[in-house]
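Keep the sequence and the 3D view side by side while reading.

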Amino acid sequence: MPSFDSARNCHIVRIVYDGPGVAGKTTNLRRICDAIPISRRSEMYTPAELKGRTMFFDWLEIDGPKQNGQALKFQLITVPGQVERAYRRKPLVEMADVVAFVCDASPAHIPDTLRTFARLRALARRRKQPLPLVVQANKQDVEGAMSPEQLRKRLKLDDAVPVIPATAVNGGGVKETLMTAIRAGVLAMRDSRITPLAKAFANADALFDHVLTFEDAPNTDETVDAEELHIAAEEVSVDDAAAAAQLQASSLEDLEARARRAVSRNRSRSTSK
Ligand SMILES: Nc1nc2c(ncn2[C@@H]2O[C@H](COP(=O)(O)OP(=O)(O)OP(=O)(O)O)[C@@H](O)[C@H]2O)c(=O)[nH]1
Ligand SMILES: [Mg+2]
């Protein structure tokens with residue numbers, strides 16, 4: 001839900017760059033930094049990056065167009081895409097006003113993209129407000145990369161969801177993705193209630209403190225509902241050799257085991273009521 005920062009007298013819209021590991025989320029933010037002068041943005045803040053992988057998040061704030069004379073800022077936040085960091089990703093995605101879902105469109109990474117997207121869909125379903133979504137089909141320069149239309153089909157996206165081709169490493173499609181997400185954010189601001197800015201999201205330091213609170217109880221056994229599992233399994237085409245090779249049997253078994261545990265947990269919860 002867009003928010004109002006009374007300390008700085010401005011509205012804040014949060015755009016979260018979600019997507020699987022190495023899809024190009026951090027690269028998008030770097031190219032945005034290159035394109036926007038420092039007078040119109042913050043520094044990019046990345047706590048504890050390790051060997052080029054995002055461990056917590058990247059954070060960047062840029063100035064947006066004034067709305068009825070009121071200043072508007074966009075917080076751009078990337079999540080860590082590695083599965084092991086899912087417990088850090090979830091609270092960031094839950095607080096998004098708009099999600100820019102960055103896909104690695106190269107064939108070998110499609111199974112990862114499908115699984116991560118299924119998790120996003122599950123999170124979106126649990127929200128009270130709709131979650132505006134922009135999809136970026138990144139790495140179009142890689143041989144055999146899926147086109148935006150092919151990705152739209154694989155992800156079963158509605159025609160209303162924009163899918164933008166990109167080669168983020170060279171800056172291609174980065175601005176288009178950002179502008180589309182900004183437009184969705186401005187619309188969300190008009191349509192929803194504005195809440196006071198949560199302290200946890202006031203700045204990058206506060207966000208880091210907030211994310212660190214999840215370290216004590218990392219929820220690695222994240223609930224995977226049956227429908228999500230169905231989407232993840234069904235969407236991976238078995239006739240696509242490259243994709244099938246990537247989908248290791250152990251991952252599916254793991255997903256199934258977790259879904260079974262979630263179902264039995266829900267059963268025991270409902271019987272104890
Ligand atoms: N070929 C190609 N490589 C890209 C493109 N965009 C990003 N990369 C490369 O992909 C790798 C991963 O990019 P990152 O931006 O760090 O990926 P990420 O999504 O932030 O990954 P995590 O932080 O692990 O979640 C880097 O080596 C990038 O240079 C692209 O359009 N084409
Ligand atoms: Mg990253």
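Valine 22 is found in the loop between E2 and H1. The model is a predicted one, and in it valine 22 has a positive phi of about 55° although it is not a glycine. Valine 22 has 17 other C-beta atoms within 10 Å, so it is partly exposed.

Asparagine 9 is another residue to look at for its backbone. Its phi is also positive, about 55°, and asparagine 9 is not a glycine. Its place is the loop that runs between strand E1 (3-5) and strand E2 (10-18). Asparagine 9 counts as exposed because it has 9 C-beta neighbours inside 10 Å.

Isoleucine 194 is exposed, because 12 other C-beta atoms lie within 10 Å of its own. Which residues does it contact, leaving aside its neighbours within four places in sequence? They are Pro2, Ser3, Phe4 and His11. Methionine 1 is 193 residues away from isoleucine 194 along the chain, yet 6.6 Å separates their C-alpha atoms.

Of its contacts with a separation of 6 or more, 72% are between residues 24 or more positions apart. The chain has 273 residues, of which 37% are buried, and it contains nine helices and eight strands.

Turn now to helix H6 (residues 204-212), where Ala204, Leu207 and Val211 are buried. Why do these residues lie on the same side of H6? They cover an arc of only 60° around the axis, and this puts them on one side of the helix. The general rule is that an α-helix has 3.6 residues a turn, so residues three or four places apart point the same way. Strand E3 (58-63) and helix H2 (86-94) are among what covers the buried residues of H6. On the face turned away from the buried side are the exposed residues Asp205, Asp209 and Leu212.

Next comes the nonpolar core. The largest one has 52 residues, and those touching the most other members are Val16, Val98, Val99, Ala100, Phe101, Val135 and Ala137. Strand E5 (residues 98-104) supplies the largest share of this core, six residues. Alanine 100 shows what such packing involves: not counting residues up to four places away in sequence, it touches Ile15, Tyr17, Val134, Gln136, Thr177 and Ala181.

The last stop is ligand 1. How many residues surround it? There are 22, and the closest are Gly24, Thr26, Thr27, Thr54 and Gly81. Helix H1 (residues 25-35) gives the largest share of this shell, three residues. By type, the shell is made up of six nonpolar, 12 polar and four charged residues.

Technical notes: Residues are numbered from 1 along each chain as its sequence is written. Chains are lettered from A and ligands numbered from 1 in the order in which they are written. This is a predicted model: local features need pLDDT of at least 70, side-chain atom pairs count only at pLDDT 80 or more; totals for chains, interfaces and linings use all residues. Helices (H or I, at least four residues) and strands (E, at least two) are DSSP runs, numbered from the N terminus. A residue is buried if 20 or more other C-beta atoms lie within 10 Å of its own, exposed if 12 or fewer, and partly exposed in between; C-beta atoms are placed from the backbone. Two residues are in contact if their C-beta atoms, placed from the backbone, lie within 7 Å. A residue is near a molecule or strand if its C-beta atom, placed from the backbone, lies within 6 Å of it. Ala, Val, Leu, Ile, Met, Phe, Trp, Tyr, Cys and Pro count as nonpolar, Asp, Glu, Lys and Arg as charged, and the others, Gly among them, as polar. The arc is that of the directions from the helix axis to the C-beta atoms. A nonpolar core is a set of buried Ala, Val, Leu, Ile, Met, Phe, Trp, Tyr and Cys residues joined through C-beta atoms within 7 Å.
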